[in-house]
Amino acid sequence: MTSLRNTSLVAILALACAAPAMAQFKNAKHAVEYRQAAFTVMGKHFASLGAMVSGKAPFDAAKAKADAQVVAMVSTLPWSGFGPETEDVKSDAKMEVWLEKTTFEQGAQRLTKAAADLATAADSGNLDQIKLAFGATAKSCKACHDSYRN
Ligand code: ASC
């Protein structure tokens with residue numbers, strides 16, 4: 001009896017722990033749409049920063065700060081949309097995302113860290129610092145695109 005109860009408890013705990021990752025999305029297609037939406041939003045604000053960094057747009061410190069904050073925040077979001085249930089949903093993601101899960105996640109962490117550093121640089125209002133941090137962030141974007149995106 002005790003052991004049966006323990007088994008049930010373990011099963012319930014296992015479900016409870018697994019639930020958050022699963023429950024966020026109605027189905028795999030929604031997970032893919034979510035991660036794509038996050039990349040779209042991040043890309044828009046990163047491009048806005050890119051225009052200022054390259055001189056194509058005038059430098060506006062407040063705008064740069066706001067853009068960098070969005071990039072830093074949204075860079076934390078797409079990764080939950082790469083669950084194993086999404087492996088077979090058609091997208092630009094290469095199979096390597098799931099085959100090299102640990103390396104992929106390290107790349108995601110590098111971006112998140114670079115984006116946080118970019119937000120810190122943007123807080124300073126110093127364009128040279130922003131340029132440096134922007135370059136490092138762009139490098140981390142590109143590294144994953146080269147390996148994991150078709
Ligand atoms: C961007 C954007 C990316 C990155 C990448 C950097 O502006 O949308 O995905 O920069 O091109 O190499």
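Which residues have the most contacts inside the largest nonpolar core? Select L49, A68, V71, L118, I130 and F134, and you have them on screen.

**Before you start**

This is a predicted model, in which local features need pLDDT of at least 70 and side-chain atom pairs count only at pLDDT 80 or more, while totals for chains, interfaces and linings use all residues. Residues are numbered from 1 along each chain as its sequence is written, and side-chain values use heavy atoms, with hydrogens and water left out.

**Stop 1: the whole protein**

Show the protein as a cartoon. It has six helices and zero strands, so far as DSSP runs define them: helices are H or I runs of at least four residues, strands are E runs of at least two, and both are numbered from the N terminus. Read from the N terminus, the order is α-α-α-α-α-α.

Accessible areas come from the Shrake-Rupley method with a 1.4 Å probe, and for residues only the protein chains shown count as cover. Of the 150 residues, 31% count as buried. Buried means under 20% relative accessible area, exposed means over 50%, and partly exposed lies in between (1.4 Å probe, protein chains only).

Contact means heavy atoms within 4.5 Å. Among contacts between residues at least 6 apart in sequence, 72% join residues at least 24 apart.

**Stop 2: the cores**

A nonpolar core is a set of buried Ala, Val, Leu, Ile, Met, Phe, Trp, Tyr and Cys residues joined through side-chain atoms within 4.5 Å. Colour helix 2 (28-54), helix 3 (61-74), helix 5 (101-124) and helix 6, the elements that give two or more residues to this core. In soluble globular proteins, nonpolar side chains tend to be buried together.

Centre the view on I130. Leaving out residues up to four places away in sequence, I130 touches L49, V53, F59, A64, L118, A121, A122 and G125. Then select F82, V97, W98 and Y148, which are included in a second, separate core of seven residues.

**Stop 3: the ligand**

Which residues are around the ligand? Select F46, A138, C141, K142 and H145; a residue counts as near if one of its heavy atoms lies within 4 Å of the molecule. On its own the ligand has 320 Å² of accessible area, and the protein covers 58% of it. Helix 6 (residues 127-148) gives the most to this shell, with four residues.

By class, the shell has three nonpolar, one polar and one charged residues. Here Ala, Val, Leu, Ile, Met, Phe, Trp, Tyr, Cys and Pro count as nonpolar, Asp, Glu, Lys and Arg as charged, and the others, Gly among them, as polar.

**Stop 4**

Move to the loop between helix 3 and helix 4 (96-99), where L77 is placed. S75 is found in this loop too. Is S75 buried or exposed? S75 is buried, because its relative accessible area is 0%. Apart from neighbours within four places in sequence, S75 is in contact with M42, V70, L111, T112 and A115.

L77 counts as partly exposed because its relative accessibility is 28%. Beyond residues up to four places away in sequence, L77 touches Y34 and A38. Draw a line from the C-alpha of L77 to that of A37: the two are 40 residues apart in sequence and 9.8 Å apart in space.

**Stop 5: salt bridges**

How many salt bridges does the structure hold? There are six. A salt bridge is a side-chain nitrogen of Lys or Arg within 4 Å of a carboxyl oxygen of Asp or Glu.

- Select E33 and K29: their closest N and O atoms are 3.0 Å apart. The two are four residues apart in helix 2, so about one helical turn separates them. K29 is exposed, at 52% relative accessible area, whereas E33 is partly exposed, at 37%.
- Select K101 and E105: the closest N and O atoms of this salt bridge are 2.6 Å apart. Both residues lie in helix 5, four residues apart, about one turn of the helix.
- Select K113 and D117: their side chains meet in a salt bridge of 2.8 Å, N to O. K113 counts as exposed, at 51% relative accessibility, and D117 is partly exposed, at 36%.
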